[in-house]
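Q: I'd like to learn how to read side-chain features in a model. Can we walk through a few together?

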Amino acid sequence: MTKKVIIVGGVAGGATAAARLRRISEEVEIVLVERGEHISFANCGLPYYIGETIKDRNKLLVQTVKGMSERFNLDIRNLSEALSVDHQNKKVTIRNLKTGELYEESYDKLLLSPGARPIVPPIPGLNENRTLFTLRNIPDTDKIKNFVDSQNPKKAVVIGGGFIGIEMAENLVDRGIEVTIIEKGNQIMTPIDIEMASILHTHIKEKGVKLLLEIGVESFAGQGKKVILSDGTEIETDMTILSIGVRPENELAKGAGLELGDRGGIIVNEFLQTSNEDIYAVGDAVEVVDYISGTKAMIPLAGPANRQGRIAANNMMGQKDEYQGTLGTSIAKVFDLTVAATGNNEKTLKRLGVPYEVVHIHPSSHAGYYPGAAPIALKLMFDKDTGKIFGAQAVGADGVDKRIDVIATAIKGGLTVEDLTDLELSYAPPYSSAKDPVNMAGYVASNIIEGNLEMIQWHEVDEIVAGGGVLIDVREPMEREFGFIEGSINIPLNDLRCKLSQLPKDKPIYVSCQVGLRGYLATRILNNSGLKAINIDGGWKTYSSVFGSNINKNVDNTTNETGETFKNEIKTNAFVDVTGLTCPMPILKLKKGMESLESGQIIELHVTDRGALNDLPAWLRNAGHTLLKTEQAENVIKFWIKKK
């Protein structure tokens, strides 16, 4: 019978386990040992306190030592460090960091929840850097915020494009600081794939952040005032945030002789027991099972840590509760956009050699006719033979969270992509469409499984065209003025039936449109007419997110080109509202509005789908028109344009 439990580490896993243990039993003695001052705080809220979105520091403290001790009758020893574990005699050696006292504490069951610490590589000049910060806990947060408040830095460098790095970049920008992000990989936010991350790359740059990809930091100079890159470039900065990842705090486990994985994570079984049956481990320090593939993984997320803490507490008290693995569902705010993912991405599926299919769709967050509808880029990976859902990713200004959560729930429930079409999800115009984006992704995936649709991906297009493949663009001619795939032939969808005789019958015809829908309709016309047609998944919107446009873009897409300052409202001669509209309507309505103007007159344009008009400034420059001003209010982007 378990009479005494020692928990090493608080925050998500340890604090949750302590509270659960007490709810199970009033008799068990619970000792919580925490190296820091705070036992339970909101890790994920730390960047937003620095950025002053969260203004009250106390709101970051989920539980205080006094409050938790009294409510759950716990023996909490903060500012105390567990130094070693004698698993044979079931004792932990602890140092009181306030007094230096060393002592031993016995246990029946031991729970390790030490978390992870930021990776700090041996970069030359790092030890001399006086303005280098990492962010993991409350003291780190206080150091960064105090520096920003007191030193008023003008420039900052963020090294690493993961969750913390991007959130820190946004919050430093909110404090009026000029930010440069340095990422050694070819994209930020590695849980998503590159074509989805590319949407974020564009958005981050629009916010004035300098984003440097595929380059590393060689050294620091001038006590941190200069960051020297691997190509010799020098960047001046007033402060640097180092955010290149975390590694598990495994020293205690290693010293106790517990089994560790290849990446240093503590190995646990399905009951969260380590290689010693009386020692359990949870949180960022443990190696988990990837729920999709069954392989070992390190996935440091708060939700799984909380769940593991509860399960470990149950099992220490005699239950047999299994942890089923980590799905890796995650979400982040990136300025005005939200990015979320669940399950495996393409990189993981390729590495594991798993055959898969992909669909990209670009629906609106809710009914287009209701104000504020914003586009969502949604990606779904699945097994063509079984319909098993491998994972999903989404980027958008609104509605991203609930779509990824629905798909994450579908995965846990064992649903297939065909089942997604049958989900009866809540609908009213302010919240969704009658066919929710999750349903729509299911329909496209089902068409592939049923053989009604064959697609190629964005990264296959250029090679096919270079090899002599026939590619037709079924958008309207005006849309091509905003960019098109080189080598494509323009045949608008409504004209396609009249042009069938001009198309080859002896080889495949590849079809492109803006987002994939008109391309699908075109493939049905062509296939039903005896031709072989293959759609480009996600259309021009997905393709161009990575490769950009091929129109002249020598223009800053957010600046006032005239140099004038507009303190008052600009007097407009026409107003065009294309918010919530899907392709091709934004471009067609803009063209009609411009044609209605006389030379020198001004039109005000409201847009929610920035992707449809991503190259608007360059198009205006080519046409000789002038972009006077750009504003963003929530999901609506406003442009003021003067006709030439």
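A: Take Lys-388: its side chain comes to 3.4 Å from the backbone oxygen of Ile-292. That is a polar contact, meaning a pair of N or O atoms within 3.5 Å, where within protein one must be able to donate a hydrogen and the other to accept it, and residues adjacent in sequence count only if both atoms are side-chain atoms. Keep in mind that this is a predicted model, where local features need pLDDT of at least 70, side-chain atom pairs count only at pLDDT 80 or more, and totals for chains, interfaces and linings use all residues. Residues are numbered from 1 along each chain as its sequence is written, and side-chain values use heavy atoms, with hydrogens and water left out.

Q: Is Lys-388 buried, exposed or partly exposed, and why?

A: Buried is under 20% relative accessible area, exposed over 50%, partly exposed in between (1.4 Å probe, protein chains only). Lys-388 counts as partly exposed because its relative accessibility is 37%. You'll find Lys-388 in the loop between β27 (376–382) and β28 (389–396); strands are DSSP runs of E, at least two residues, and helices runs of H or I, at least four, numbered from the N terminus.

Q: And which strand holds His-360?

A: His-360 sits in β26 (residues 357–361). His-360 counts as buried, because its relative accessibility is 4%. Its side chain makes polar contacts with the side chains of Glu-195 at 2.7 Å and Asp-537 at 2.6 Å.

Q: Which residues of helix α18 are buried?

A: In α18 (residues 616–623), they are Leu-616, Pro-617, Ala-618, Trp-619 and Leu-620. Their cover includes α14 (477–480) and β36 (626–633).

Key:
Contact = heavy atoms within 4.5 Å.
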